[in-house]
Amino acid sequence: MNTTAKLGLKTARDEVLIMTLQGHILEQQARYPQASGTFSWILSALSISAKIIADKVRRARLENVLGSVGTENVQGEMQQKLDVLANEVLLGTLGGREGVAIVASEENEEPVILREDGEGIPRYCVLFDPLDGSSNLDVCGGVGTIFSILAHNGRAARAQDSLLQPGFKQVAAGYVLYGSSTVFVLTIGKGVDMFVLDPGIGAFMRVERHLTIPDGNKTYSVNEGNRKTFPDGFQRYLDWAQSNGYSSRYAGAMVADVHRILLKGGVFLYPATKKAPEGKLRLMYEANPMAMIIEQAGGKAFAAPGQRVMDIQPTAIHQRTPVILGATDQVALVLAHLEKT
Ligand code: AHG
Ligand code: MN
Ligand code: MN
């Protein structure tokens with residue numbers, strides 16, 4: 001009997017075939033015999049990017065790449081050195097993939113048009129937040145990468161118009177959490193699967209299939225420092241939650257907060273504030289991909305009562321939106337307080 005078995009523990013791999021992210025992608029591709037494979041190559045570029053960024057994040061202090069570069073991005077936020085490095089990694093890996101038509105990043109004001117349509121090859125647009133929660137870096141907190149994949153519309157009047165599609169049209173979405181381990185969470189529209197980087201062999205191993213967000217977790221996640229400038233409904237919800245035994249958890253990195261909610265339930269809120277009247281989070285590469293993951297895991301994602309995040313018709317690549325997402329039961333309780341007058 002091996003040690004794991006003696007301790008009565010199950011390894012992540014006991015009940016499943018040993019499956020890497022790469023194997024998983026090929027397995028999915030095999031279901032579509034007509035598939036050209038270009039989409040699989042994009043996912044593989046994201047997997048390689050995640051390994052490179054994970055390595056850079058872990059070595060950041062040793063290689064003196066913490067802190068800011070002294071410039072602001074298009075959002076008016078101070079760029080960290082690792083924001084820039086992670087962006088370069090993603091542009092570098094995706095740029096070499098034949099199937100990528102356009103990339104758009106939090107760190108680039110304009111989308112990068114790589115290829116126009118051609119030769120009947122299906123092409124895609126990839127949007128990403130290269131490093132989410134980057135202000136956590138200096139203190140060894142969790143950070144992440146978020147990505148959204150849309151089909152490229154070669155008939156759009158301007159190439160970048162092909163990017164402005166509502167979230168329900170996403171072909172795939174996911175995130176990577178660089179935490180105590182490196183976790184890759186992916187949906188291609190058929191549930192949510194989770195992979196953990198095995199540093200010993202350098203591969204993401206599949207550890208969960210078809211994740212479902214549990215109901216019944218009385219936990220909210222919001223920056224309460226902004227509470228005084230939230231719309232009234234959020235004040236009512238927080239008063240109610242605090243009188244009803246709720247706990248508060250807030251990592252300051254959306255990836256870390258959403259990952260906790262995916263596994264444990266609860267609700268994540270980033271309402272409009274005085275400082276950010278449209279909300280702070282970016283629709284195209286933060287809210288939409290997270291909304292797709294959450295909904296594919298049985299949860300809900302709204303911008304306001306009656307306004308599903310993924311139904312918003314975007315008008316600008318860097319537009320912002322308020323966000324209310326998480327377990328279906330907990331989101332319903334928030335919406336009920338917003339709807340009261
Ligand atoms: P980024 O580091 O990509 O700019 O994103 C930070 C985002 C998000 O990760 C997090 O949920 C939120 O900003 C935190 O904002 P506050 O510091 O205003 O709470
Ligand atoms: Mn972010
Ligand atoms: Mn970022």
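**Aromatic cluster and manganese site**

Tyrosine 237 has a relative accessible area of 0% and is therefore buried (buried means under 20% relative accessible area, exposed over 50%, partly exposed in between, with a 1.4 Å probe and protein chains only). The model is predicted, so local features need pLDDT of at least 70 and side-chain atom pairs count only at pLDDT 80 or more, while totals for chains, interfaces and linings use all residues. Residues are numbered from 1 along each chain as its sequence is written, ligands are numbered from 1 in the order in which they are written, and side-chain values use heavy atoms, without hydrogens and water.

**Aromatic residues**

- Tyr220, Tyr237, Trp240 and Tyr246 form one aromatic cluster.
- The structure holds 8 aromatic pairs (ring centres of Phe, Tyr and Trp, its six-membered ring, within 6.5 Å; planes under 30 degrees apart are stacked, over 60 edge-to-face, the rest tilted).
- One of them is edge-to-face: tyrosine 220 and tyrosine 237, at 6.3 Å centre to centre and 75° between the planes.
- Tyrosine 237 and tryptophan 240 form a tilted pair, because their planes lie at 35°, with centres 6.0 Å apart.
- Tyrosine 220 is buried at 3% relative accessibility, whereas tryptophan 240 is partly exposed at 26%.

**Manganese site**

- Asp129 (OD), Asp132 (OD) and Glu286 (OE) coordinate the manganese ion (ligand 2) at 1.9 to 2.2 Å (donors are N, O and S atoms within 2.8 Å of the metal, or 3.2 Å for Na, K and Ca; water is not among the atoms, so sites may look incomplete).
- Aspartate 129 coordinates both this ion and the manganese ion (ligand 3), which lie 3.7 Å apart.
- Aspartate 129 and aspartate 132 are both buried.
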